[in-house]
Amino acid sequence: MKSKTPIIPLEHWIGYRFSRIAARVGNYVAQMYVARHDLTMPAWRCLAVIARYQPLTAKELATLTSTDAFKVTRAIELLVRRKLIRRDVDKDDRRRASLSLTSEGRTVYKDVEKFTMRLEQELTAEFDQAETAMLRQLLDKLDRQFETRIGVHSWEKFQK
C-alpha cells in the first residue's frame with residue numbers, strides 16, 4: 001500500500017536546507033574569527049550570545065546557544081582566560097556566576113559583528129525590503145511552530 005504522504009526530496013527538507021546554509025555561512029565566518037582572534041566556534045558563539053544578553057549564567061548561555069554544558073564550560077574557560085568575558089559571583093545567588101563581556105571582549109565582538117553584517121548584507125543584496133521582512137517573519141513563525149507544536153514533545157510521541 002502506498003503512503004498518502006507526498007515524498008519531499010532531501011534538497012527541499014527545511015532542516016537540511018537550514019543546516020547546509022548555516023554550516024556554509026558559519027564555516028566562512030569561522031575562518032575570520034579563528035585567523036584574527038584565535039577563537040573556536042563554541043567560544044565565538046558564547047561570546048556573541050553574552051554580548052547580546054549579558055549578564056548571563058552558564059546555564060542560560062547553554063540554553064541560548066543550544067550547546068551542551070561541556071562545550072559551554074570549555075568556551076567560558078577560554079573566554080575568561082583570554083580576558084574576553086568576566087565571571088562574577090551572582091548577587092542574587094552566590095552559587096552562580098554572572099557572565100559579561102570585558103572591554104576587550106566587546107572589541108572582538110564588534111570586529112566579528114562588522115564582518116558578519118557585511119556578509120548578511122551581501123547574502124540579502126538581491127532581496128527587497130519586503131522580502132527581507134518576509135524572510136524574518138517566516139523564520140520567526142517556523143521557530144514558534146517548532147517550540148510550541150513540535151519541540152514540546154519527544155520524538156517518539158511526535159511520531160505517533
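## Basis of the model

The model is predicted, so local features need a pLDDT of at least 70 and side-chain atom pairs count only at pLDDT 80 or more, while totals for chains, interfaces and linings use all residues. Residues are numbered from 1 along each chain as its sequence is written, and side-chain values use heavy atoms, with hydrogens and water left out.

## Helix α2 and its surroundings

Helices and strands are taken as DSSP runs numbered from the N terminus, with at least four residues (H or I) for a helix and at least two (E) for a strand. Helix α2 covers residues 41-53, which is 13 residues, and spans 18 Å from its first C-alpha to its last, close to the 18 Å expected at 1.5 Å a residue; the expected span is 1.5 Å times one less than the number of residues. At its N-terminal end the helix is capped by Thr40, whose side-chain oxygen lies 3.1 Å from the backbone nitrogen of Ala43. This is judged as a polar contact, a pair of N or O atoms within 3.5 Å in which, within protein, one must be able to donate a hydrogen and the other to accept it, and residues adjacent in sequence count only if both atoms are side-chain atoms.

Burial is read from relative accessible area, where buried means under 20%, exposed means over 50% and partly exposed lies in between (1.4 Å probe, protein chains only). The buried residues of α2 are Ala43, Trp44, Cys46, Leu47, Ala48, Val49 and Ile50. Among the elements that cover them, by contact (heavy atoms within 4.5 Å), are α1 (14-37), α4 (69-81) and α5 (103-123).

## Aromatic rings

The structure holds three aromatic pairs, counted where rings of Phe, Tyr and Trp (its six-membered ring) have centres within 6.5 Å, with planes under 30 degrees apart called stacked, over 60 edge-to-face and the rest tilted. One of them joins Tyr28 and Phe115, which are stacked at 6.2 Å centre to centre with 20 degrees between the planes. Because Tyr28 lies in helix α1 and Phe115 in helix α5, this pair ties together parts that are 87 residues apart in sequence. Tyr28 is partly exposed at 47% relative accessibility, and Phe115 is partly exposed at 28%.

Elsewhere, ring pairs link Tyr33, Trp44 and Tyr109 into a cluster. The charged end of Arg52 sits over the ring of Tyr53, 4.9 Å from its centre, under a rule that asks for NZ of Lys or CZ of Arg within 6 Å of the ring centre and within 35 degrees of the ring normal.

## Salt bridges

With a salt bridge taken as a side-chain nitrogen of Lys or Arg within 4 Å of a carboxyl oxygen of Asp or Glu, the count comes to four. One of them joins Glu77 and Arg87 at 2.9 Å, N to O, and this pair links distant parts of the chain, with Glu77 in helix α4 and Arg87 in strand β1, ten residues apart. Glu77 is partly exposed at 35%, as is Arg87 at 38%.

Another salt bridge brings together Asp88 and Arg86, at 3.2 Å, N to O. Lys110 and Glu113 also form a salt bridge, their closest N and O atoms being 3.6 Å apart, and both residues lie in helix α5, three residues apart, about one turn of the helix.
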